[in-house]
Amino acid sequence: MNAEHIDTDATGKAKPVATRDTQWPQDDVVVPQTSLTPTATNERFVLMDVVRGFAVLGILVMNITAFALPMAAYQNPNAMGVLAGAEYMAWWITEVFANCKFISLFSLLFGAGIALMAERISARGGRPFILHLRRMAGLLLIGLIHAYGFWYGDILVTYAICGVLCFVARDWSPPWLIAIGMAVLSVTWILVVLFSLTVPFWPPGSIQQVADQWAPPADHLQAEIDAYRGSWLDQSAYRVPMSLKMQLVVLPVATLWRVCGLILIGMALFKSRFILGGWRPPVYPLVAVGGIAFGLAGTLLGISLREANDSATFAMFLGLLPNDIASIPMAIGYAALLQCLLLGPLGGVVAGILAPVGRMAMTNYLGQTLICTTLFYGHGLGGFGRLDRIELWVVVLAIWVFQIAFSIAWLTHFKQGPVEAFWRRMTYSGAKGKKM
């Protein structure tokens, strides 16, 4: 079966276009190439761009809480007071449809992108590993600047490290990638279970420390609010230690295993051509319904368990597992749903809105940080801790509208987003004329 991707015809309606016989060389064919250059616009797969655009917009639904409220409010809806009514519903929608789902989808796409780049460079007779290292080095540099200069919630450093570790798997078959990916993912889940079993043996002080992280005392919350409403140096007193903790503690214990597992599964989704729209059309609705249904069930189970158990140690460990596990099939279900939409009568509209955002995913991801830190931090408008969760949804919608419009306008004049162009310049500089 030929691999396919979604393109649009002159009327804007989505149509399948075979790529293995047109743009993509056969697996056993090496095309000589005297220079290595970034992917041309006409070589892109629209479904990947659409899913990536959907993911980067969706990530803001969760990240807005970390930008605008104290860190505890990201996991604990009642960290700043018990939620009720519309406020609770705003949190519930975020938790059910966004928490872990969009970052999982983005990680799957990162793995698919690694496999795509490796396949293309190999087909051109180059050495993909060298070019990949240059690419990950550039991503690491951008991520470090992002984490320590702007926001502790950066994911780019993690992607750069995991991207290097997972590159060895680029030629594995999809079944092996999925099997090993699930095994790697399960490491974090097993560690959480084992860690939770030790809780009864903890000293009271350690249990209280976890309780204070889940529901900080009022003076701790106010100190964090004051810092982020202060100067850039005041913010650094919180941002730098948190960035170090994320990279030196959270990354090796939890994030690395999760992201590496998702990258491997994302490679499988690319190599099987699922993420390119290459499966038979009737399969995608089944995957969409099954994945989203399983994801909803797991997420709702996690919410009910946490609400029935008032233990902070349970809420921060075992209570988070159902959603963490369920987010993976739900993310794949989202991708399948987008393929269904692309093949429908509104396919051209969906592609026209989301694909430009996806083509500028790095620009838009970092742009969200610039917009939100300007809105909420002291060097900007100082709105940190001032908006409730309903008002934060209004901010999210406004940023979505802006980024969609900006992406469309930018790409009418340029081939790449500004950050993408900078990253690719770092990657490909000096590669011209070399088989890297």
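Reader: How many helices and strands does the protein chain have?
Author: Helices and strands are DSSP runs, numbered from the N terminus, with at least four residues (H or I) for a helix and at least two (E) for a strand. Here the protein chain has 16 helices and two strands. Keep in mind that this is a predicted model, where local features need pLDDT of at least 70, side-chain atom pairs count only at pLDDT 80 or more, and totals for chains, interfaces and linings use all residues. Residues are numbered from 1 along each chain as its sequence is written, and side-chain values use heavy atoms, leaving out hydrogens and water.

Reader: What share of the residues counts as buried?
Author: Buried means under 20% relative accessible area, exposed means over 50%, and partly exposed lies in between (1.4 Å probe, protein chains only). Of the 436 residues in the protein chain, 51% are buried.

Reader: Why is helix H5 largely enclosed by the rest of the structure?
Author: H5 covers residues 156–166, and eight of its eleven residues are buried, so the rest of the structure largely encloses it. Among the buried ones are Tyr 159, Cys 162 and Cys 166. Their cover includes helices H3 (101–123), H4 (128–149), H9 (232–271) and H14 (361–376).

Reader: Which residues does Asn 63 touch?
Author: A contact means heavy atoms within 4.5 Å. Not counting residues up to four places away in sequence, Asn 63 touches Tyr 74, Trp 151 and Tyr 365. Asn 63 sits in helix H1 (residues 46–68), and it counts as buried at 10% relative accessibility.

Reader: Which residues have the most contacts inside the largest nonpolar core?
Author: A nonpolar core is a set of buried Ala, Val, Leu, Ile, Met, Phe, Trp, Tyr and Cys residues joined through side-chain atoms within 4.5 Å. The largest one has 113 residues, and Val 50, Leu 139, Met 267, Ile 275 and Phe 376 have the most contacts inside it. H1 gives the most to this core, 16 residues. Leaving aside neighbours within four places in sequence, Val 50 is in contact with residues including Leu 338, Val 350 and Leu 354.

Reader: Is Leu 318 buried, partly exposed or exposed?
Author: Leu 318 is partly exposed, with a relative accessible area of 31%. You'll find Leu 318 in the loop between helix H11 (312–316) and helix H12 (321–342).
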